[in-house]
Amino acid sequence: MASFEVIGGRPLHGEIIPQGAKNEALQILCAVLLTPEPVTISNIPNIRDVNKLIELLRDMGVQVEQTAPETYVFQAQEVNLDYLTTDKFIEQARAIRGSVMILGPMLARFGVAKLPKPGGDKIGRRRLDTHFIGFEKLGAKFTYDANDSFYHLEGKNLKGTYMLLDEASVTGTANIVMAAVLAEGITTIYNAACEPYLQQLCKMLVRMGAKITGIGSNLLIIEGVEKLGGTEHRMLPDMIEIGSFIGLAGMTGSEITIKDAQIRELGLIPDTFQRLGIKMEFRGDDIFIPAQDQYEIDTYIDGSILTVSDHTWPGFTPDLLSIALVVATQAKGTVLIHQKMFESRLFFVDKLIDMGAQIILCDPHRATVIGQNKQVPLRGISMTSPDIRAGVALLIAALSAEGRSVIHNIEQIDRGYQNIDGRLNALGAQITRL
């Protein structure tokens, strides 16, 4: 198990370029299964989960050629359906949560799909009902074998229909959209997710020949086509990484410029960190964060304590609540962090308390943070990363803390952040990979 040794208390300085978006990559890469023609994708992040998905596609029979450091050409001309029954496929699919995204394309193009229950972060229940209910409404037959935790789908003649999703699931919407683009007739999806990454997927599918209207709204109308062709696609920068860098700059008193942040696609992310007191300037598509000796949490108009909570897009993404919580520990003021979607994502706060943070964990979903206004800095400790986002939050805490910290299980961080130690060390951080 690899670890980071972090010597904290060093302000950082310089420019950093965010990686391509992990959550977009997991959808876009699976969409190559919808066509036998070549699909070129650029700005692909070099991170563990994405690399594992590329390996899985290659082993399924997709031709994969890397033409540049972050650019690949995929051609799913001959997909080996028998591979889905092999032990290696089971091992690969269970290793990453993103493997669930192969179901929609496989069902649409080949009429069959199967998958073992996928893995991923241990952040609470992450049900897949929305995916399978959507597939069933399109006419697929779904079965689940509880003995081996395997999902099975069959549907040679999918037909368009109306559906109202019980939750605006990003991956659920994406999977259903990919199944519907080759279904016969018109599919209407209401309460669809409308995150920028889902918009990116829809725009890519349209370039491939799909007919989708309502992109960017929660009402998608899809007119099925007989086949899709190849295309080229460039992925957005990762909004979670951008938010992480904003929080890092504020908490460590650093002057950082985040290059090419595609600000119009960030939703409430900049606004939320500004309400936590972090100053920033928008310079074209770059975000400049000046060094701050202190930052103060906003209150509501009546003076009551601010609540920062997650919500479906365009609300604040749940993936950044752990960063907001860490940032608040050194702010002036108090904030309630309310994690609505996952009941285990706040369970890393015990490590922050050990570092000297003032946090009350109210229940699995809520934590009250009493900021210390940088008067009592955090202290370095030894800790373990429980998941991707908490891992980076702990890394930010360690970079702001006095003394030496050790973060174990950094494989979790590597799943979502590309060469994070090297890029931060280039700004003046002192992170050693053990």
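Predicted model: local features only at pLDDT ≥ 70, side-chain atom pairs only at ≥ 80, totals over all residues.
Leaving out neighbours within four places in sequence, Gly 8 touches Ala 398, Leu 399, Ala 401 and Gly 403.

**Around Gly 8**
- Gly 8 sits in the loop that links strand S1 (3-7) to strand S2 (13-16).
- With a relative accessible area of 13%, Gly 8 is buried, because that value is under 20%.
- From Gly 8 to Ile 278 the C-alpha to C-alpha distance is 20 Å, and the two are 270 residues apart in sequence.

- Strand S4 (residues 63-68) pairs with strand S5 (residues 71-75) in the antiparallel sense, through five bridges.
- Ala 68 has Thr 71 in S5 as its bridge partner.

**Helices H6 and H7**
- Two packed helices are described by the angle and the distance between their axes.
- For helix H6 (residues 170-180) and helix H7 (residues 196-207), the axes come within 10 Å and cross at roughly 10 degrees.
- Angles under 35 degrees count as roughly parallel, so H6 and H7 are roughly parallel to each other.
- On the H6 side, Val 170, Thr 173, Ala 174, Val 177 and Met 178 meet Leu 198, Leu 201, Cys 202 and Leu 205 of H7.
- Sorted by class, this contact of H6 with H7 has eight nonpolar residues, one polar and no charged ones.

**Helix H5 and its cover**
- Buried residues in helix H5 (residues 129-137) are Thr 130, His 131, Phe 132, Gly 134 and Phe 135.
- Their cover includes helix H4 (103-110), strand S7 (141-145), strand S8 (150-154), strand S9 (162-164) and H6.
- After H5 comes Gly 139, with a positive phi near 110 degrees.

**Backbone angles to check**
- Most residues other than glycine have a negative phi, and most peptide bonds are trans.
- Trp 313 and Pro 314 are joined by a cis peptide bond, with omega about 10 degrees.
- Pro 314 belongs to the loop between strand S17 (306-309) and helix H10 (321-328).
- Asn 373 is not a glycine, yet its phi is positive, about 55 degrees; its place is the loop between strand S20 (366-370) and strand S21 (382-384).
- Lys 374, in the loop between S20 and S21, also has a positive phi, near 60 degrees.
- Asn 373 is buried at a relative accessible area of 16%, whereas Lys 374 counts as partly exposed at 23%.

Definitions and conventions: Residues numbered from 1 in each chain as written. Heavy atoms only, no water. Helix = DSSP H or I, 4+ residues; strand = E, 2+ residues; numbered from the N terminus. Buried < 20%, exposed > 50% of the residue type's maximum accessible area, 1.4 Å probe, protein only. Contact = heavy atoms within 4.5 Å. Pairing = 2+ DSSP bridges. Axes fitted to C-alpha atoms, helices over the stretch in contact; angles between N-to-C directions. Parallel < 35°, antiparallel > 145°, perpendicular 65-115°, else oblique. Nonpolar A, V, L, I, M, F, W, Y, C, P; charged D, E, K, R; others polar.
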